Amino acid sequence: MPVNIRWTAVISGFMTDFALTILLQVFIILFGQTTVFTDPSLQNPIHIVLILIGTGLTGVGGFVAAWLAGESFAMHGFLVGVVGILVAALTNVGVVVPPLLLLGQVIGCICGALGGVLAGRLRTSVRIK
């Protein structure tokens, strides 16, 4: 069964994720937690919470992408995370990314797919009623 990827939906979801992530980063800077960017630690609960919030934002972007696509919900959500990884890799050439942030990006792909699944379920329930 072929999957039709609606790239405008994926890019819209990515832009949602990106915009919300920029807002999160502003708050991180305002509250003086910038070490999460360079030296995140599992020992610091604030770092864990911030990384989880970041992955959750990819889930929101995945939701948006899937909702706009109207089909292949999990795939569209997952692709939001993949595009995020590709953009980060292209914009951070030569920058050493801490392993914990890389793990956060992988978890973000999973959250994006889950956001897509949620969008699919909500779209289905809205259509029925």
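Me: A helix is a DSSP run of H or I with at least four residues, numbered from the N terminus. In this predicted model, which helix is H76 found in?
Reply: Helix α4 spans residues 73–91. H76 is found in helix α4.

Me: Is H76 buried or exposed?
Reply: Buried means under 20% relative accessible area. The relative accessible area of H76 is 0%. H76 is therefore buried.

Me: Which backbone oxygen does the side chain of H76 reach?
Reply: The distance is 2.9 Å. A polar contact needs N or O atoms within 3.5 Å.

Me: How is the angle between α3 and α4 classed?
Reply: Helix α3 covers residues 45–69, and its axis lies 8 Å from that of α4. The two pack at about 135°. Angles over 145 degrees would count as roughly antiparallel, and 65 to 115 as roughly perpendicular. So α3 is, relative to α4, oblique.

Me: How do the residues of the contact of α3 with α4 divide?
Reply: The crossing of these helices is right-handed. From α3 come T58, G61, G62, A65, A66 and A69; from α4 come F73, H76, G77, V80 and G81. Gly counts as polar here. The division is 5 nonpolar, 6 polar and no charged.

Me: Where does A19 sit, and what is its relative accessible area?
Reply: A19 belongs to helix α1, residues 7–30. Its C-alpha atom is 9.4 Å from that of L57, 38 residues apart along the chain. A19 is partly exposed, because its relative accessible area is 40%.

Definitions and conventions: Residues numbered from 1 in each chain as written. Predicted model: local features only at pLDDT ≥ 70, side-chain atom pairs only at ≥ 80, totals over all residues. Heavy atoms only, no water. Axes fitted to C-alpha atoms, helices over the stretch in contact; angles between N-to-C directions. Parallel < 35°, antiparallel > 145°, perpendicular 65-115°, else oblique. Left-handed = near helix turned anticlockwise from the far one by under 90°. Contact = heavy atoms within 4.5 Å. Buried < 20%, exposed > 50% of the residue type's maximum accessible area, 1.4 Å probe, protein only. Polar contact = N/O pair within 3.5 Å; in protein donor to acceptor, adjacent residues only side chain to side chain.
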